[in-house]
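Colleague: I would like to learn how to read a model like this one. Please take me through it feature by feature.

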Amino acid sequence: MSIFKVYRYYSKAEIEQKAYEVLEKMKAENFTPKWPFDASCTADALGIMIDWQNILPDDKGEIVAKIIPTKQPKIVLNNNIHKLKEEGFQASTIAHEIGHWILHINQDLARGSVQQLELTLSIDSIEQQFLCRNVSEQIYKNRPETQDDWREWQAQYFASCLLMPREILEAKRKGRDLTNWHHLYAMQKDIGVTISNLVYRLQDLGWINIPKGSKQIYPGKAAPNGQTNLFNR
Ligand SMILES: [Zn+2]
């Protein structure tokens with residue numbers, strides 16, 4: 001048995017549900033979510049520390065962030081990645097790491113609550129981390145192929161649902177035109193995400209459609225009707 005769960009498929013609906021459960025948990029722990037979203041409150045609500053360190057690149061390239069699943073789980077953000085100082089990218093990165101915690105880590109084992117394994121795991125878990133290189137933008141561009149790619153995709157999809165629940169998107173789009181870039185940039189600021197986070201989410205929901213290679217935004221097939229309910233889907 002490993003701290004990391006065996007790879008499995010999650011449907012988009014399942015991942016979205018898990019993100020909404022975390023938003024519920026935030027409410028229950030008195031970290032009621034607010035937008036622009038502060039993902040460090042999510043970490044607080046889940047008892048996960050956030051730390052900044054200089055993470056050196058390895059032979060596969062730069063590492064943006066990682067999660068260390070020990071008794072006191074910790075998200076480490078790389079001081080050397082300047083983009084991480086931008087609010088939206090930082091929120092997306094923290095939410096991505098939380099996605100790994102929720103979807104891919106045996107939390108009881110990580111926290112050492114399964115006692116007979118505690119000793120071996122405390123040694124193992126130092127070695128076992130997710131090293132996230134392509135948080136956010138790259139994940140949207142590259143097609144996942146390996147199970148590792150798919151884990152990264154799942155964590156990022158989780159982040160996207162956590163930061164941009166449908167009801168919040170409904171609220172923030174009021175009085176705005178989703179096919180106007182200026183309006184999308186204003187929404188992006190209001191929500192506290194990057195523009196690519198927002199555009200990916202809106203396209204995934206089918207609210208807008210941007211043909212490949214184009215900058216023109218068209219209304220999507222599933223353009224909203226104002227009927228969605230957060231937390232009650
Ligand atoms: Zn990752």
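Colleague: Which residues do ring pairs link into a cluster?

Modeller: Trp150, Trp153 and Tyr157 are linked by ring pairs into a cluster. A word on the source: this is a predicted model, where local features need pLDDT of at least 70, side-chain atom pairs count only at pLDDT 80 or more, and totals for chains, interfaces and linings use all residues. Residues are numbered from 1 along each chain as its sequence is written, and side-chain values use heavy atoms, with hydrogens and water left out.

Colleague: What describes a pair of aromatic rings?

Modeller: The distance of the centres and the angle of the planes describe such a pair. Rings of Phe, Tyr and Trp (its six-membered ring) pair if their centres lie within 6.5 Å; planes under 30 degrees apart are stacked, over 60 edge-to-face, and the rest tilted. By this rule there are 4 aromatic pairs. One of them, Trp153 with Tyr157, is stacked, at 5.1 Å centre to centre and 15 degrees between the planes. Both residues lie in helix H7, 4 residues apart, about one turn of the helix. Helices here are DSSP runs (H or I, at least four residues), strands are E runs of at least two, and numbering starts from the N terminus.

Colleague: Are Trp153 and Tyr157 buried or exposed?

Modeller: Trp153 and Tyr157 are both buried. Buried means under 20% relative accessible area, exposed means over 50%, and partly exposed is in between (1.4 Å probe, protein chains only).

Colleague: Why is the pair of Trp181 and Tyr185 called tilted?

Modeller: The ring centres of Trp181 and Tyr185 are 6.3 Å apart and the planes are at 45 degrees, so this pair is tilted. Trp181 and Tyr185 sit 4 residues apart in helix H9 (residues 181-191), about one helical turn. Trp181 is partly exposed because its relative accessibility is 28%. Tyr185, at 43%, also counts as partly exposed.

Colleague: Which charge lies over the face of Tyr10?

Modeller: Arg8 does, at 4.0 Å from the ring centre of Tyr10. The rule needs NZ of Lys or CZ of Arg within 6 Å of the ring centre and within 35 degrees of the ring normal. Lys83 lies over the face of Phe89, at 4.8 Å from the ring centre.

Colleague: Now helix packing. What describes two packed helices?

Modeller: The angle between their axes and the distance between the axes. Take H3 (residues 87-104) and H7 (residues 147-163): their axes come within 7 Å and cross at roughly 115 degrees. Axes are lines fitted to C-alpha atoms, for helices over the stretch in contact, with angles from 0 to 180 degrees between N-to-C directions. The contact of H3 with H7 divides into 10 nonpolar, 7 polar and 2 charged residues. Nonpolar covers Ala, Val, Leu, Ile, Met, Phe, Trp, Tyr, Cys and Pro; charged covers Asp, Glu, Lys and Arg; the others, Gly among them, are polar.

Colleague: Where is Arg201, and why does Arg201 count as buried?

Modeller: Arg201 is in helix H10 (residues 195-204). Arg201 counts as buried because its relative accessible area is 0%. Leaving aside neighbours within four places in sequence, Arg201 has contacts (heavy atoms within 4.5 Å) that include Glu16, Tyr20 and Tyr157.

Colleague: Which strand holds Leu77?

Modeller: Leu77 is in strand E3 (residues 74-78). Leu77 has 0% relative accessibility, so Leu77 counts as buried. Leu77 and Ile63 are 14 residues apart in sequence and 9.0 Å apart in space, C-alpha to C-alpha.
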